Structures are given as C-alpha cells and as structure tokens.
Amino acid sequence: MKRHVLFDFDGTLVDSAPAILACFARVLKVHDLQAMTPVDASLIGPPLRQTLALLSGRNDGALLDAMSATFKDVYDSEACLETPAYAGCQAALEQLREQGFSLSIATNKRLLPTQRIIAALGWQGLFDEVFASDSYPGRYTDKAGMIAALLEDGGIAAQSAIYIGDTVADGRAAAANGVEFWPVAWGYGHFAHHEQPLHSPQQLLECLVHA
C-alpha cells in the first residue's frame, strides 16, 4: 500500500494565483517594465527567477536580482497570507493523517512563504517534511532532485510513495524518481481526459484510502 503522499503546493493544496499574479504586476510597475507574456495562471509553478526572466523578457542578472527582491518583500510580508486552501483540502489532509498516511510537500515555491501560508492555515502538524526550492541550496536544482532528496531524507522507498500535483512538469519530476503520479484537475495545469485527473480533494481521499 502507498503510505507516503507527497504534494505539490501551489495549484494543488492552495490557490496561490491571485496573490502571486498581483505581486508580479506590482514588480513590473516598480521596475517600469512591460509584461512580455500574459500575467496569468500559466506563470504559477516554476521557480521565481525563471518566471521573472520570462515575464520581463530580460536576462540581466542585476535586474532579475532587483525584481526578485521586490517580489519577495511584497509577497513574503503580506500577500502570501491572503492565499486560501482549495475547498476540501484541509479535511482530506486531516483524514489522511488520522488514517496513518505520511504527508510531505515538495514545491518550487520558496520555503519562507510556504511556511507562512502553512502556519496561517493552521496546517503545521500535518506534514512530516516540507521541501521547497531553497530548502537546501546547492543540493538540487529542480523538482526531480527535490523529490529525490525528500525520499532520501525520509527513508522512503519510491514504490511506497505517490506524488500529487497539478502540472505535467510535476508528473515528469515524479517519473524521474520512479514515483507514481496522480494529477489533479483543479489547479493550473491541463491534463487530457485519458490521464484521469482527480476532480476533488474528496475523490483524492477516497482513492488513497482504497488504493
């Protein structure tokens, strides 16, 4: 039985898009830049610096450093706390814990805002591990490496784990580690009907309990 459930965060457990997109718009305004790509939910997921380079159309290190600093100042201090959980997620997480599942997070989000959102939602006791993009600088550079590190530190066998996420990239990161991937349909990614994405946290709970 799969007893270790690893979750993506943005678009899987929390609806972070409104707060993040508002911050991107504010960063562009502060730095007097025009958006080179639509400021929409397709920007949610990749690491911050990568997204800012795409959004600004610039690859100037000093500019990206300044934009990153502006984003972090605004988002970490206030905007991240406006992030809601998807309806039904908290109940599903609590029931999974009660039934003995080990829950962890592997997210491209930075650790500080991830922890602040978890605290604001009252979820501190739900997760055994929270791995973010900057949790272990130099140890991994992408989500595949992050999942590998999480499995290693937790002593988790790949065949006993499931990764839950909302994008194709999440699926590729899981597959790179031999971890089964379950897609969800309520996030920011898109899956074909034959990929059978889950349509609610309640369905996720039922599938895990009866897997």
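How many cavities of 30 Å³ or more does the structure hold? The structure holds 1 such cavity, a cavity being a set of points, on a 1 Å grid over the protein atoms alone, where a 1.4 Å probe fits but cannot get out. The model is a predicted one, in which local features need pLDDT of at least 70 and side-chain atom pairs count only at pLDDT 80 or more, whereas totals for chains, interfaces and linings use all residues. Residues are numbered from 1 along each chain as its sequence is written, and side-chain values use heavy atoms, with hydrogens and water left out.

The largest cavity contains about 30 Å³ of space, a volume being the space filled by probe spheres set on the grid points, which are joined across faces, edges and corners. Its lining, made up of residues with an atom within 4 Å of a point, consists of Phe 7, Leu 13, Cys 89, Ala 92, Leu 93, Pro 201 and Leu 204. Two or more of these residues come from each of helix 4 (89-98) and helix 8 (201-209), helices being DSSP runs (H or I) of at least four residues, numbered from the N terminus. Helix 4 gives the most, with 3 residues. By class, the lining has 7 nonpolar, no polar and no charged residues; Ala, Val, Leu, Ile, Met, Phe, Trp, Tyr, Cys and Pro count as nonpolar, Asp, Glu, Lys and Arg as charged, and the others, Gly among them, as polar.

Pockets are open sets of points with protein on both sides within 12 Å along at least five of seven lines. The largest pocket has a volume of about 610 Å³. Of its 33 lining residues, Ile 44, Gly 45, Pro 46, Pro 47 and Asn 108 lie nearest the centre. Helix 7 gives the most to this lining, with 4 residues, and the lining as a whole divides into 15 nonpolar, 9 polar and 9 charged residues.

The second largest pocket has a volume of about 190 Å³. Among the residues lining this pocket are Pro 47, Arg 49, Asp 65, Lys 72 and Asn 108. Helix 3 provides the largest share, 3 residues, and the classes are 2 nonpolar, 3 polar and 5 charged.

Helix 6 (residues 143-154) and helix 7 (residues 168-175) also pack against each other. Lys 143, Ala 144 and Ile 147 in helix 6 meet Asp 170, Ala 173 and Ala 174 in helix 7, where contact means heavy atoms within 4.5 Å. The residues of this contact comprise 4 nonpolar, no polar and 2 charged.

Key. Axes fitted to C-alpha atoms, helices over the stretch in contact; angles between N-to-C directions.
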